[in-house]
Amino acid sequence: MKKISLIILALITIVSCTKEHSKDFLTFQGTLENNTDSILTISGQGFNKTIKINADGSFKDTMKVTKSDIYPMQTNTGKRGFIHLANGYNLTLTGDSDDFLNSFKYTGEGSEGNNFGVAQVLFSRENGNPMEYFALEKDAFDAKIASIKEGMENLYSKYKNADTSLINKVKGQNQQMFDFLEKGYEKQHPAAKQRAEVMAKVAKGKPSPKFVNYENYKGGTTSLDDLKGKFVYIDLWATWCGPCIREIPSLQKLEAEYHDKNVAFVSISSDSDRRSQGSWEKANTKWKNFVAKKELTGIQLWAGKDISFMRDYQVNSIPRFILIDPQGNIVDNNAPRPSDPELKKLFTELGI
């Protein structure tokens, strides 16, 4: 009798373990190695969910979405990713916080689409900024587009069991991109080629353009030449720039970690009269007050009316980060952000 009871118990256990997940909600759990974050936030489409990350990097929560879609996902320190959610999913994520998104592996119901999404992002990164394709000569441009199309078809085939709506959405977005590139090439090519020629002057290994006598928050002025002998990590920002401000905690953490290393952290504010009622004096005061209030560390500079440094680097959006070597040569004219784990990897490669 005891033996029969054990068999029945085992059968009940098996049935309960294989029970289909409810279609009314979804479950999301996982473990992030090397984790230092406390929360994970998923938002978008009128949906917002905050998930607690335990000290060991594990987390688990249930949620209900009104629409099957791709949702932005980020930690409290600004590490960013995305996730495809639909009610009925039972997702498990494993990854490394130091290699956020790149290391993501999903298992369980809904994993095929999410692994496809990660693979597509990594594939896109390998192919660079599509806007730069306009600088290519026609044969090279056509070859690049053909190569990307072939690569995407391979991904569609590899993840053929992914959610059909997700695949169709991605296909539609990619087709829009291809249409824009192919139709816009002749119009955009001359301007893009000209910009490429300008950017070639600030390519890796080239002497960096210089900023001269920028006002230093601590007093006096500072020029790029004053920092020769050190790596210089430059943050081009402004007090009104939301994405710039979101990078500040990561930048401060980085500065503290590398305070005794051969690298100077320089923040250059581009605050101007345009957002200060037409007054340069008010712009300067706004910058100083912000630095004081936020207790910003590193070397805090204000560019004032001098836009030559940003112009030479063709800066058209901020934040923008630049890394220069001890000899004053460019390491990266568009360096990883402080919140991006790739930055610390780059520092390690350079022996910083």
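Is Y233 buried or exposed, and at what relative accessibility? At 1% relative accessibility, Y233 counts as buried, where buried means under 20% relative accessible area, exposed over 50% and partly exposed in between, with a 1.4 Å probe and protein chains only.

The legends below describe a predicted model, in which local features need pLDDT of at least 70, side-chain atom pairs count only at pLDDT 80 or more, and totals for chains, interfaces and linings use all residues. Residues are numbered from 1 along each chain as its sequence is written, and side-chain values use heavy atoms, with hydrogens and water left out.

**Figure 1. Overview of the protein and confidence of the model.** The protein has eight helices and 15 strands; helices (H or I, at least four residues) and strands (E, at least two) are DSSP runs, numbered from the N terminus. Its C-alpha atoms fill a box of roughly 90 × 50 × 45 Å, taken along the principal axes. Of the 352 residues, 45% count as buried. The mean pLDDT is 90, and 94% of the residues reach 70 or more; pLDDT is the predictor's confidence in each residue, from 0 to 100. Residues 1-18 have a pLDDT below 50, and beyond near neighbours in sequence this stretch has zero contacts in the model. Contact means heavy atoms within 4.5 Å. Among contacts between residues at least 6 apart in sequence, 64% join residues at least 24 apart.

Figure 2. A pair of aromatic rings is described by the distance of the centres and the angle of the planes. Rings of Phe, Tyr and Trp (its six-membered ring) pair if their centres lie within 6.5 Å; planes under 30 degrees apart count as stacked, over 60 as edge-to-face and the rest as tilted. A search of the whole structure finds 21 aromatic pairs. One of them joins F28 and F59, whose ring centres are 5.1 Å apart with planes at 65°, so this pair is edge-to-face. F28 belongs to strand β1 (residues 26-33) and F59 to strand β4 (residues 58-63), and the pair links these distant parts of the chain, 31 residues apart. Both F28 and F59 are buried. Y233 and F265 also form an edge-to-face pair, with 6.0 Å centre to centre and 80° between the planes. Because Y233 lies in strand β11 (residues 231-237) and F265 in strand β12 (residues 263-269), the pair ties together parts that are 32 residues apart in sequence. F265 counts as buried, at 6% relative accessibility. Y233 and F265 are members of one aromatic cluster that also includes Y258, F321 and F347.

**Figure 3. The contact of helices α2 and α4.** The axes of helix α2 (residues 111-126) and helix α4 (residues 164-200) come within 10 Å and cross at roughly 20°. Axes are lines fitted to C-alpha atoms, for helices over the stretch in contact, and angles run from 0 to 180 degrees between N-to-C directions. The two helices, α2 and α4, are therefore roughly parallel to each other; angles under 35 degrees count as roughly parallel, over 145 as roughly antiparallel, 65 to 115 as roughly perpendicular and the rest as oblique. On α2 the contact is made by G113, F116 and Q120, and on α4 by L166, I167, V170 and N174. By class, the contact has four nonpolar, three polar and no charged residues. Ala, Val, Leu, Ile, Met, Phe, Trp, Tyr, Cys and Pro count as nonpolar, Asp, Glu, Lys and Arg as charged, and the others, Gly among them, as polar.

**Figure 4. Surroundings of E215.** E215 is placed in strand β9 (residues 214-216) and counts as partly exposed, at 24% relative accessibility. Leaving aside neighbours within four places in sequence, E215 is in contact with G220, T221, N284, W287, K288, Q300, L301 and W302. E215 and E255, 40 residues apart in sequence, are 20 Å apart in space, C-alpha to C-alpha.

**Figure 5. Backbone features in loops.** Most residues other than glycine have a negative phi, and most peptide bonds are trans. L101, a residue other than glycine, has a positive phi near 75°. It is found in the loop between β7 (90-96) and β8 (105-109) and counts as buried, at 3% relative accessibility. N213, in the loop between α4 and β9, has a positive phi of about 55° although it is not a glycine. A cis peptide bond joins I318 and P319, with omega about 5°. P319 is placed in the loop between α7 (308-312) and β14 (320-324).
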